[in-house]
Amino acid sequence: MVLFFIGILLLITGGIFSLFFKEEIKLKVVSIFSCIASLMIIASINSFKITSIEFEPFGQIVFEADGLSKFFIIIISVITAIASIYANGYLKPYINKEKQISSHCLFFPLLSAAMLMVVTIQNAFAFLIVWELMSLASFFLVIFENEKIDVIKAGIKYLLYMHISVIFIIAAFVIMSNYAGSYDFADFHKMFFEYPHLKDTVFILAFIGFGTKAGFLPMHNWLPDAHPAAPSHVSAVMSAVMIKTGIYGILRVLQIINQPTLLIGYIVLFISVITAIYGIIYAINQKDIKKLLAYSSIENIGLIGIAISIIIFGMIYNENFVTLVGTTACFMHILNHSIFKSLLFMCAGSIYLKTHTKNIEQLGGLIKKMPYTGIFLLVAAIAICAFPPLNGFISEFLIYAGLMYMLQIKSSTLFIPVVLTIASLALVGTLVILTMSKLYSISFLGNPRSEKSENVSSDVPISMLIPKGILAFLTLIIGISAPLISIIIPITSFSYINSGLTFGYMQIIMMLTFISIITILFFLFVFCLIMIKNFLTKKTTKYITWGCGYDKGNNHIQYTASSYVSPFTSILTPLFKKIFDVKKPKGLFPKDAHYMSQVEDVEEAYIINPILKFDEKFLSKFERLQDGNIQHYILYGLIFLILILAGVVFIG
């Protein structure tokens, strides 16, 4: 327990301490402190004891690391430490902008410390404080390039959504604390035995609040703007770890209410399926790499939500094995997504650093100039497509398995929703393949489509390659040794399962072991075939085929990002709002012409933007009140005080 608090203190100290060093040293100081702190925090897990601090009038603030907390502590510590190393290379071009580097060095470790506190504090009041601290720290990281107006807009939008979400979380906590007479999570848990009718209300409020942070529909809209605005390693931490604190909150509330209702189960299942489909459909249409990955994160949050719904239905029908499979699937996908999505964002950052563009249409041919980044991106793309032998396959297989086992539950109302969910999951998987093949092929294969990609001379520095190499290694290790990795998962299951854990867990281990063995044998077989083929063709003479005078292809005959996916997206046109930028050719020999299309999120186009326009129009009517006259401002204050006093007298 002492090591944990020392680690937290080291994180915060490292951020403050770095401010006293030269620009070239600051990021290195943060990396050293972050790595040491992460090792200490991970080492403290097994010796973590329940600790309480008296804080009147809010009672005792309890710190506890149960299985759920320990799981998130590991992910937060590892990913933030790796990201801090990556930052040394990525932020090197900003090294002369003292204010931005100093701000980043202060708030990055603060974000890590806040997330660690979020998953260990068991007091509602203290939880809200560190939750708000986490949101504020990430806000300042998002607006790193604050000289850009789009970045500021994205940051303000993110902060607005976070404050809307916390209103719902506060509402859920207020209800529980009012009936429990305490702010402790343990007392909340006991309260539901006496007031079970509050379960639906509390969970729905908490699901809206925490689901906004996670990126569930319809409160997802901040995510596709905030991720592209932030530095790539910050995007990696936000997508891989920070939005998962929303998942942590949902799981913690689920643990508190103990026995969920059918309404809760169907709400989570429906929203999760819609979130997964919506996220991947919009990911397909993106040309901005980081926006594509942001929508992909929304899709993966939907998959995690489906796994949570498996847990819920297993608890409702007392099917312990279904609950165990759902729990294992949920936590495995949280772990796997944190790894391959961090790798994807870091690869996107490497591309942006070398080409100064996030537009896929302006890339191409990068595999020859950035071979290591190309390999790492390919590994991450295969993992997120859930292909063996990488880690994404294991967790998505378990989600399918959980849904299949749900079909065995004797319920007249559950069968059709589960079948539709399985079909939706298959559709999502297909679209993920289409999205990632577009991302990789358009960016790295073929010929350069612009001078930005053509002028790339080398790959990124080693400080950016090592973190990506670690993450790529983890995707492979988890994929081929899932039974070993899954040892950490059942710890979290004790909160949801009453009995029958050991036998069910052994079944899952045997299933994962079988998959790993088959996968390894298959790839050994393929490797042997390749070696035999190379041996037999070793003495074969090779000649260049005459191409009828054809020299080589050019970027004008290659697929664009839009044309690559247009056969599919054309049938879904009603779901999108397209914005066109067209310059028609003029004359017999036109010098310049272009046709570009961009997809706008329908929620933003038809709901959010009209509300903002109405709000702007309404507030503009009061502009004349701000005339710069101090006497008028004093008069406004006096009128306000009179109204307040009149209201008090009237109420009294």
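User: How is the expected span of a helix worked out, and what are the helices here?

Analyst: The expected span of a helix is 1.5 Å times one less than its number of residues. Helices are DSSP runs of H or I with at least four residues, numbered from the N terminus. A word on the source: this is a predicted model, in which local features need pLDDT of at least 70 and side-chain atom pairs count only at pLDDT 80 or more, while totals for chains, interfaces and linings use all residues. Residues are numbered from 1 along each chain as its sequence is written, and side-chain values use heavy atoms, with hydrogens and water left out.

User: Thanks! How do you know that the length of α13 agrees with its number of residues?

Analyst: Helix α13 covers residues 289-316, and its 28 residues should span 40 Å at 1.5 Å a residue. The end C-alpha atoms of α13 are 41 Å apart, which agrees.

User: What makes α13 mostly covered?

Analyst: Buried means under 20% relative accessible area, exposed means over 50%, and partly exposed lies in between (1.4 Å probe, protein chains only). In α13, 27 of the 28 residues are buried.

User: Which contact is found at the start of α13?

Analyst: There, a side-chain oxygen of D288 comes within 2.9 Å of the backbone nitrogen of K290. A polar contact is a pair of N or O atoms within 3.5 Å; within protein, one must be able to donate a hydrogen and the other to accept it, and residues adjacent in sequence count only if both atoms are side-chain atoms.

User: Why are α16 and α17 called roughly antiparallel?

Analyst: The axes of α16 (residues 391-406) and α17 (residues 415-444) come within 9 Å and cross at roughly 160°. Axes are lines fitted to C-alpha atoms, for helices over the stretch in contact, with angles from 0 to 180 degrees between N-to-C directions. Angles under 35 degrees count as roughly parallel, over 145 as roughly antiparallel, 65 to 115 as roughly perpendicular and the rest as oblique. The pair α16 and α17 is therefore roughly antiparallel.

User: What makes N318 and A386 stand out?

Analyst: N318 has a positive phi of about 55° although it is not a glycine, and A386 has a positive phi of about 65° without being a glycine either. Most residues other than glycine have a negative phi. N318 sits in the loop between α13 and α14, and A386 in the loop between α15 and α16.

User: Are they buried or exposed?

Analyst: N318 is exposed, because its relative accessible area is 53%. A386 counts as buried, because its relative accessibility is 15%.

User: Which peptide bonds are cis?

Analyst: Among them are the bond from L217 to P218, with omega near 0°, and the bond from P388 to P389, with omega near 10°. P218 lies in the loop between α8 and α9.

User: Why is I477 called partly exposed?

Analyst: I477, in helix α19 (residues 462-480), has a relative accessibility of 27%, so I477 counts as partly exposed.

How values were computed:
Helices (H or I, at least four residues) and strands (E, at least two) are DSSP runs, numbered from the N terminus.
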